[in-house]
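I opened my notebook beside the viewer today and jotted down what I looked up, entry by entry. Here are the notes, in the order I made them.

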Amino acid sequence: MALTEVAIRAAKAAAKPYKLADGGGLYLLVNPTGSRLWRLKYRVGRREKVLAIGPYPDVTLAKARERRTEARRQLADGFDPSALKKEARQKAKAAVTNTFRAIAEEHLAKLEREGLADITLNKRRWLLGFAYPKLGERDVATITAKELLEVLRAIEETGRHETARRMRAALGAVFRFAIATARAENDPTFALRDALTTPKVTHRAAVTTPKSLGALLRAIDGYEGQPASVAALRLLPLLFPRPGELRLAT
């Protein structure tokens, strides 16, 4: 006998779970806690399986019957409804965890665990941030070289050619991480290695002769400023650290 809304609402919890059948394998499981859950019993070959449809009243009787009909149609087409439901859940999860932004942040977290300097991490995060407005929520596996080039060209058009070049490298690192974690199959930045404008090299003032180097070292040795500044100046010609690394040294 088919169920009715009146019969469902009248169903009370008992000491043990019990079922109210609606026909065609569909039934309502009434638990001792009072929860009422729709289930569909079906067979794949000789194996009996149960498909969870959802709780009542979130899933009404009419909706449960619609899902029973849909599951029967899937079975007739040779598909297992439970397997299709699991696949749909996996796709929904991938839609969140496989975005470019999610993978980029995951990659940055890995670099942080590996001890990359904060100043370098922040620079990498800043570079990747240029891609987030257009590509951040995209599935990383669907992003093309053409789309990346459009983002990089927008940076170049502001005259920041070196920034665009470094951004391509940062993007490439994210795509290679996605490949390594089985969420992408190729790195589209590889095709762009000759597409960007090569920055014009600007030579800075430098000490290039032994005589001028000696004068610099004597000037450093005679400097009488703050102790931290004295120590930093004396370390520079010995260790050749980056200025940011030297500032953060303890």
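Predicted model: local features only at pLDDT ≥ 70, side-chain atom pairs only at ≥ 80, totals over all residues.

**Overall form.** I began with the radius of gyration, which is 32 Å for this protein, whereas a compact globule of 250 residues would have one near 18 Å. I then looked up the box filled by the C-alpha atoms, and along the principal axes it is roughly 105 × 45 × 35 Å. My tally of secondary structure reads 11 helices and 4 strands. How many of the 250 residues count as buried? I noted 30%.

**Aromatic pairs.** I searched the whole structure and came away with 4 aromatic pairs. One of them joins Trp38 and Tyr56, edge-to-face, with 6.3 Å from centre to centre and 75 degrees between the planes. Where do the two partners sit? Trp38 is in strand E3 (residues 36–44) and Tyr56 in strand E4 (residues 47–56), so this pair ties together parts that are 18 residues apart in sequence. I checked the cover too: Trp38 is buried at 0% relative accessible area, and Tyr56 also counts as buried, at 10%.

I turned next to Trp126 and Phe130, whose ring centres are 5.1 Å apart; their planes stand at 70 degrees, so I wrote this pair down as edge-to-face. Trp126 is partly exposed, with 39% relative accessible area, and Phe130 is partly exposed at 25%. I also marked one aromatic cluster, formed by Phe100, Tyr132 and Phe175.

**Charges over rings.** I found the charged end of Lys19 over the ring of Tyr27, 4.7 Å from the ring centre.

**Salt bridges.** My list for the structure holds 18 salt bridges. Among them is the one between Glu66 and Lys63, with 3.3 Å between the closest N and O atoms. These two are 3 residues apart in helix H2 (residues 61–76), so about one helical turn separates them. Glu66 is partly exposed at 47% relative accessibility, and Lys63 is partly exposed at 35%.

I then went to helix H7 (residues 145–156), where Lys146 and Glu150 lie 4 residues apart, about one turn. They form a salt bridge, and their closest N and O atoms are 2.8 Å apart. Is Lys146 buried or exposed? I have Lys146 down as exposed, at 58%, while Glu150 is partly exposed at 34%.

Helix H7 also holds Arg153 and Glu156, 3 residues apart and again about one turn. Their side chains meet in a salt bridge of 3.0 Å, N to O. Arg153 is partly exposed at 33%, but Glu156 is buried at 8%. I also wrote down a network in which salt bridges with shared partners join Asp22, Arg65 and Arg68.

Which residues make up the nonpolar surface patch I marked? They are Val207, Leu213, Leu216 and Leu217, with about 310 Å² of accessible area together. I placed Leu216 in helix H9 (residues 210–221) and noted that Leu216 is partly exposed, at 39%.

My last stop was Leu239 in helix H10 (residues 227–239), which counts as exposed at 58% relative accessibility.

Conventions. Residues numbered from 1 in each chain as written. Heavy atoms only, no water. Patch = residues over 30% accessible without salt bridge, like charges linked within 9 Å, V, L, I, M, F, W, Y side chains within 5 Å. Areas by Shrake-Rupley, 256 points an atom, 1.4 Å probe, with all protein chains shown as cover. Salt bridge = Lys/Arg side-chain N within 4 Å of Asp/Glu carboxyl O. Buried < 20%, exposed > 50% of the residue type's maximum accessible area, 1.4 Å probe, protein only. Phe/Tyr/Trp six-rings, centres within 6.5 Å; stacked < 30°, edge-to-face > 60°. Lys NZ or Arg CZ within 6 Å of the ring centre and 35° of its normal. Rg over C-alpha atoms; globule rule 2.2 N^0.38 Å.
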